[in-house]
Amino acid sequence: MKYISTRGEAPALNFEEVLLTGLARDGGLYLPEFWPVFSVDEISAMRGLSYQDVAFKVMSPYVCPEIPEDDFKGLIDEAYSSFRHDAIVPLSQVGNNEWILELYHGPTLAFKDVALQLLGRLFNYVLTKRGEKITIVGATSGDTGSAAIDCVQGSARADIFMLHPKGRVSDVQRRQMTTVIEDNVHNIALEGDFDNCQALVKALFNDLEFRDQINLSAVNSINWARVMAQIVYYFTAAIALGAPDRKISFSVPTGNFGDVYAGYIAKQMGLPVEQLVVATNVNDILSRTLSNGEYKVGETIPTISPSMDIQVSSNFERLLFNIYDGDGAEIRNLMENLKQGGLFTISDAQLSRAKESFDATRVSEEDTKATIDEVFRAGGKSIDPHTAVGVNAARTLWRDKTTPMVSLSTAHPAKFPEAVKEVTGTHPDLPPHMADLFEREEKFDILANDLSALKQYILENI
Ligand SMILES: *Cc1c(COP(=O)(O)O)cnc(C)c1O
């Protein structure tokens, strides 16, 4: 498979190059040249297979034979052996024809493990083969950081620098990052918000000289391999509930648009997806854009679902590329408007194409809490605030109740215990492997929101 940039000016790359590169050199994001499509029979044949076997079938057109099939299978098996549930991502029923997909049984208790456990193994495999080392720099609003650190900690092939907005991630989230004290792990608390963190990382990528000097790489969801790994669970969940003979709908708590975009890809690959609900908290740039076509950056508001406290939603550029039929010049134009004036407007024709695939709504803090409460009362199940945003939006926008609705459960409730306890009265416990998290020693540095200070810090600590 060849990969092309959304901005049309960077060279086409193969899978291994895209994996290591992250952001394209023209500032765009990489996408495969075409979507591999499965027939109804091929999807039916996935029934009863393990998660790992479906993962191989769904991802191999993007990866193999560049990585030999048996090697890729081995990496998939290893990656998901770190999950604490045999089904890897089990479904759990929360209402009539209504389900949550528990994506949080990986090592750091958030859905990001699903992609990053695989990504870490892919990095090691490819870098070892090439005899290379990389520097990973990432920005996190909470969960990416710990999942990324977990997947490369101790690697001889990678240094990782992780920026989080100081004081804006939960104690559990921070400690999951800062208590990893391997020499190749460098945690930075930035004096700023998540968008400041993300802007610094983007600026590093756009500094081509520095980028080459440190062999910079990304684990944020701008990395194609992450989006790719997330396509898999749309298939396993839909097939478990009757696809391809039946359509399935999904609701996705959304920040950077990576996860729900993976659902869009699953649909392009032949999965019968009826609705894809983009569920945002009050940081609602995406639900506003999908309603009136205007992508306008506002102030980030802290919420009880902090992993979605985002105003600039990077992966949305990938959807723009699709609805503008791969017109890189048009994407460059929109992005230039965003840079100059803080907004761009999608044309009516393109907006209606986006609306064919996505429904969107924003969920207030009160409604998020009310949904945690409803789900707990109905079946005794604790859900975290991100999941609750998804379930609430699903209940608002679900058109046909005969179509199963699956809300993606993106974090374990114990990652956000305060909000859950406030509503349900029950403190969700951390699983045994993390029970001593609050006794472990922390290691991190505080940096100003300043590009040159960050560069210097990286050079000194590599
Ligand atoms: C990252 C994250 C999200 C948002 O996912 P995107 O792919 O950025 O849209 C939602 N919930 C949780 C718990 C997360 O960690």
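Predicted model: local features only at pLDDT ≥ 70, side-chain atom pairs only at ≥ 80, totals over all residues.
Residues are numbered from 1 along each chain as its sequence is written, and side-chain values use heavy atoms, with hydrogens and water left out.

View 1. Helices (H or I, at least four residues) and strands (E, at least two) are DSSP runs, numbered from the N terminus. Helix H14 takes in residues 328-341, and its end C-alpha atoms lie 20 Å apart, in agreement with the 20 Å that 14 residues should span at 1.5 Å a residue. That expected span is 1.5 Å times one less than the number of residues. Gly-328, Ile-331, Leu-334, Met-335 and Leu-338 are the buried residues of H14 (buried is under 20% relative accessible area, exposed over 50%, partly exposed in between, with a 1.4 Å probe and protein chains only). They share one side of H14, because they cover an arc of only 125° around the axis; the arc is that of the directions from the helix axis to the C-beta atoms. Look to the other side of H14 for Gln-340 and Gly-341, which are exposed. Strand S11 (294-296), helix H13 (316-323) and strand S12 (343-345) pack against the buried residues of H14, where contact means heavy atoms within 4.5 Å.

**View 2. Helix H4 and its cover.** The twelve residues of helix H4 (residues 69-80) reach 17 Å from first C-alpha to last, close to the 16 Å expected at 1.5 Å a residue. Here the buried residues are Phe-72, Leu-75, Ile-76, Ala-79 and Tyr-80. Their arc around the axis is only 115°, so they sit on the same side of H4. Among the elements covering these buried residues are helix H3 (51-63), H5 and helix H10 (224-240).

View 3. The ligand is surrounded by 15 residues, and the closest are Lys-112, Asp-143, Gly-255, Asn-256 and Thr-410 (a residue is near a molecule if one of its heavy atoms lies within 4 Å of it). A polar side-chain atom of Thr-410 is 2.8 Å from a ligand nitrogen atom. A backbone N or O atom of Asn-256 lies 2.8 Å from a ligand oxygen atom. The protein covers 98% of the 380 Å² of accessible area that the ligand has on its own, an area from the Shrake-Rupley method with a 1.4 Å probe; for residues, only the protein chains shown count as cover.

**View 4. Gly-22 in its loop.** Gly-22 belongs to the loop between helix H1 (15-21) and strand S2 (30-32). With a relative accessible area of 2%, Gly-22 is buried. Leaving out residues up to four places away in sequence, Gly-22 touches Tyr-30, Ala-218, Ile-222 and Asn-223. Asn-223 is 201 residues from Gly-22 along the chain, yet their C-alpha atoms are separated by 4.6 Å.

**View 5. Ala-115 in helix H5.** Ala-115 is part of helix H5 (residues 112-130) and counts as buried at 1% relative accessibility. Not counting residues up to four places away in sequence, Ala-115 touches Arg-226, Ala-229 and Gln-230.

How values were computed. Polar contact = N/O pair within 3.5 Å; in protein donor to acceptor, adjacent residues only side chain to side chain.
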